Amino acid sequence: MSFIRGDGLRKVYDPGGKAVEALHNVNFIIEKGEFVSILGPSGCGKSTLLMMCAGLEEISDGLLMVAGAPMTGPRGDVGIMFQDPTLLPWKTVIENVLFPARIARVPIEPVRERAHALLRSVGLHAFEGHRPHELSGGMRQRVSICRALVNDPSILLMDEPFSALDAITRDQMNVLLLDLWQQQLARTALFITHSIREAVLLSDRIFVMTRRPATIVQNVVVPFSRPRSPELTEDVEFNRLCGHLRSMIEDSHVG
Amino acid sequence: MSAEAFSIGGVAAPRWLSGAFRFADGAMRPAGFILICLAALEILARTLAVPEVLFPAPSRVLTALVSNAPTICYHAALTVSQVVAALVISFAVGVAVATIFTLSRVINDMFAPLFIVLQIIPKIALAPLFVIWFGPGGLSHLSFAVCLSFFPILAGARAGFEETSADAVRLCSALRASRLQTLIHVKLPMALPQLFVGAKVSTTLCIIGVVLGEFVSARAGIGWYIVQAAALSQTANILAALVVLSLFGLLVYGVVAAGEIVVRRRMFG
Ligand SMILES: Nc1ncnc2c1ncn2[C@@H]1O[C@H](COP(=O)(O)OP(=O)(O)OP(=O)(O)O)[C@@H](O)[C@H]1O
Ligand SMILES: [Mg+2]
């Protein structure tokens, strides 16, 4: 049964009368428990699509079904990560992680347990009382992951979460996310990236989008079994798939 | 003065002490400059023998200050307590109005332009109107000062609310936070530094507002004292009153500025 399903999705921005068609006839299905990445040229409408799935972007045309119901607004049970960690500077690490629970006004103690566990699994349990400005960029993004997962969201939405990090930290974050995923701390996930290797390492499937007005032109299944380890990136098959995807994206750029 | 001022005998000084040193260091030059100016004025007043009514020598102002200190301080304290009250009320009004504006688009669109237009009216000319509305007492001074000074805080709050990162607001919306929750949990704390910037401007406007109110009608307060002294041509007393008022005003401003520093350090690292 499909968990997220887009049917003929269209998005037209209308800033000052000049209509910009960002998405055009986007169709896709995401099953429950799948990790799906979106690759595509800059400005094609990836963030727009992600924000639609968060219920934050109005849908101009078409139908988006989530968990069997049409999407009409924010569901509340999503986890979101952005390129910027967007932590609140006056709150400690643990309080930042607990933020979604504070907003949902649920009893805090059970959530605190999960927050501790998440912070432990990303190696930040010693920093619970620290404030964001005392952490490195990678550590902040790890806090941001914990915050996205703390209320056990049914969808995890990530918009280029590691793009602002240096290459080494980025690799570490990939391994960390892979671990969290394989410990089943996260469920269905939609992940936007510009890194083909990152997408292949993490995903079950990859959507390739064209330029604006964008649509999904390819739906690539990543055949590697789980649990995966970071050594997978040295595998011949892995690199062959990356090369295949790269040429596919270059084609879609030209077209 | 440099780094060695912050460690005494090789022992690192506590943070507040180093802050005090830095403050003293910063205050040294302006204070020295003022002293030099005062000395020059003193020499000028004595050599040119200007009539005291026109231009009293600084030493005369000092004598006037010392001999009238209890009276002047009484009136200044009255004025400054009104200034503080006006500042607190301005803060509340400014934040409340900005809050209403962010919570309701309709109200914002209806009234926000109006507030800008109100800024263009020379509000100082309204002082007599407040006396008619609120009587000659403290209430008219207070309300006039608030009317004069809440705008910078309102503007600061609105700027601060708008400065909040779009992603943080998006996160709140995705979690289905109410507008009020977003405001309390994210926008208001984010706006605090801007609020303090506004409050610093408001402080000076509050002082102007209260003193002006006292000029127009009062039975006490430093504005009233100055009007009385002027009627008797006691120029030295006027200047002495101004010195005391400036010192008190500086104190209030200093407290607000210190509050801003504390907030920035504590909340934003
Ligand atoms: N609020 C908006 N108003 C008008 N146009 C918009 C708005 N948001 C996005 N667009 C336009 O829609 C298109 C898609 O934007 P979007 O941010 O979804 O792209 P993206 O694929 O995420 O790009 P990137 O990879 O650079 O993040 C862009 O051309 C952009 O100019
Ligand atoms: Mg984007």
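Guide: Terms before values: on a 1 Å grid over the protein atoms alone, a cavity is a set of points where a 1.4 Å probe fits but cannot get out, and a pocket is an open set with protein on both sides within 12 Å along at least five of seven lines; lining residues have an atom within 4 Å of a point. Grid points are joined across faces, edges and corners, and a volume is the space filled by probe spheres set on the points. This is a predicted model, in which local features need pLDDT of at least 70 and side-chain atom pairs count only at pLDDT 80 or more, while totals for chains, interfaces and linings use all residues. Residues are numbered from 1 along each chain as its sequence is written, chains are lettered from A and ligands numbered from 1 in the order in which they are written, and side-chain values use heavy atoms, with hydrogens and water left out.

Visitor: How many cavities of 30 Å³ or more are there?
Guide: The count is 1, and the largest cavity holds about 40 Å³ of space.

Visitor: Which residues line the largest cavity?
Guide: The lining consists of A:Val78, A:Gly79, A:Ile80, A:Pro100, A:Arg147, A:Ala148, A:Asn151, B:Leu171 and B:Leu175. β6(A) gives the largest share, 3 residues; helices (H or I, at least four residues) and strands (E, at least two) are DSSP runs, numbered from the N terminus.

Visitor: What is the volume of the largest pocket?
Guide: About 1,100 Å³. Of its 32 lining residues, B:Phe23, B:Ala27, B:Leu247, B:Leu250 and B:Leu251 are the closest to the centre. Two or more lining residues come from each of α1 (15-48), α2 (58-67) and α10 (235-268) of chain B, and α10(B) gives the most, 13 residues.

Visitor: How does that lining divide into nonpolar, polar and charged?
Guide: Into 26 nonpolar, 3 polar and 3 charged. Here Ala, Val, Leu, Ile, Met, Phe, Trp, Tyr, Cys and Pro count as nonpolar, Asp, Glu, Lys and Arg as charged, and the others, Gly among them, as polar.

Visitor: And what about the second largest pocket?
Guide: Its volume is about 490 Å³. The closest to its centre, of 18 lining residues, are B:Phe101, B:Thr102, B:Arg105, B:Arg179 and B:Lys187. The lining divides into 6 nonpolar, 7 polar and 5 charged residues, and α8(B) supplies the most, 4 residues.

Visitor: Changing topic. How many residues are in contact between chain A and chain B?
Guide: With contact meaning heavy atoms within 4.5 Å, 23 residues of chain A touch 21 residues of chain B. The buried area is about 1,900 Å², and carbon and sulfur atoms give 70% of that. Buried area is the accessible area (1.4 Å probe) that two parts lose on being put together, summed over both.

Visitor: Which residues of chain A lose the most area?
Guide: A:Phe82, A:Trp90 and A:Ile103, together 31% of what that side buries.

Visitor: How many salt bridges cross the interface?
Guide: The rule, a side-chain nitrogen of Lys or Arg within 4 Å of a carboxyl oxygen of Asp or Glu, finds 0 across the interface of chain A and chain B.

Visitor: Where are the cis peptide bonds you'd point to?
Guide: One joins A:Arg212 and A:Pro213, with omega about -10 degrees; A:Pro213 lies in the loop between β9 (205-209) and β10 (216-221) of chain A. Another joins A:Arg226 and A:Pro227, with omega about -5 degrees, and A:Pro227 is in the loop between β10 and α7 (236-254) of chain A.

Visitor: What is the phi of A:Thr86?
Guide: A:Thr86 has a positive phi of about 45 degrees, although it is not a glycine. A:Thr86 sits in the loop between β6 (78-81) and α2 (93-104) of chain A.
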